[in-house]
Amino acid sequence: MEKLTGKDKELIRNSWESLGKNKVPHGIVMFTRLFELDPGLFNLFRYKTNCNSTQDCLSSPEFLDHVTKVMLVIDAAVSHLDDLHSLEDFLLNLGRKHQAVGVKTQSFSVVGESLLYMLQCSLGQAYTAPLRQAWLNMYGIVVAAMSSGWVKNGEHKSD
């Protein structure tokens, strides 16, 4: 697993400090953007709530639970910046779960774009090029581990 610079960690922690306290609204911004960028991903979410529109689903209890979980993964990554390796097994398993429900690894990049969009919207002028790069660096580490789990799950299924 790659390592982040001290400056990356500082930028990520400082930017997440306020966002992490109010996760769900920021997560909704992120997922709204995700479905704008790739509407096909919406079909991966099948809930009991009858969704007549994206907005209906974004406000359903099941989807809000998923948003919370995603934001908690980001929170865990930020909390473990000094030892992201400690999350490797968790992230491998998360990659396996995503592979099992039909998520393609290409979708991870769209999620990254959506994360950056949420950060830009939420942080305003505090969203700088170095901050963007720091988040990209961290997200790259997270995605590498998840992709590894995704691949391993796919290999396991073909045995």
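Author: Helices here are DSSP runs of H or I with at least four residues, and strands are runs of E with at least two, numbered from the N terminus. The model is predicted. On that count, the chain has seven helices and zero strands. Read along the sequence, the pattern is α-α-α-α-α-α-α. Of the 159 residues in the chain, 40% are buried. Take contacts between residues at least 6 apart in sequence: 75% of them join residues at least 24 apart.

The part to look at is α6. This helix covers residues 107-123, 17 residues in total. From first C-alpha to last, α6 reaches 24 Å. That is close to the 24 Å expected at 1.5 Å a residue. Just after α6 comes G124, with a positive phi of about 60°.

Now the burial. The buried residues of α6 are S107, F108, V110, G112, S114, L115, L116, M118, L119 and L123. Several of these names return below.

Start with the packing against α1. Helix α1 spans residues 6-19, and it packs with α6 at an angle of about 70°. Their axes are 11 Å apart. Angles of 65 to 115 degrees count as roughly perpendicular, so α1 is roughly perpendicular to α6. On the α1 side, S15, W16 and L19 make the contact. On the α6 side, M118, L119, S122 and L123 do. By class, this contact of α1 with α6 has five nonpolar residues, two polar and no charged ones.

Next, the core. In soluble globular proteins, nonpolar side chains tend to be buried together. The largest nonpolar core here holds 47 residues. L119 is among those with the most contacts inside it, along with F31, F35, W135 and M138. The elements giving two or more residues to this core are α1, α2 (23-37), α3 (54-58), α4 (61-79), α5 (88-100), α6 and α7 (129-158). The largest share, eleven residues, comes from α7.

Follow M138 from that list. Setting aside neighbours within four places in sequence, M138 is in contact with L4, I12, A77, V78, L81 and L84.

The relative accessibility of S147 is 19%, and the limit for buried is under 20%, so S147 counts as buried. Leaving aside neighbours within four places in sequence, S147 is in contact with T105 and F108. F108 is one of the buried residues of α6.

Note on methods. Residues numbered from 1 in each chain as written. Predicted model: local features only at pLDDT ≥ 70, side-chain atom pairs only at ≥ 80, totals over all residues. Heavy atoms only, no water. Expected span 1.5 Å × (residues − 1). Buried < 20%, exposed > 50% of the residue type's maximum accessible area, 1.4 Å probe, protein only. Axes fitted to C-alpha atoms, helices over the stretch in contact; angles between N-to-C directions. Parallel < 35°, antiparallel > 145°, perpendicular 65-115°, else oblique. Contact = heavy atoms within 4.5 Å. Nonpolar A, V, L, I, M, F, W, Y, C, P; charged D, E, K, R; others polar. Core = buried A, V, L, I, M, F, W, Y, C linked by side-chain atoms within 4.5 Å.
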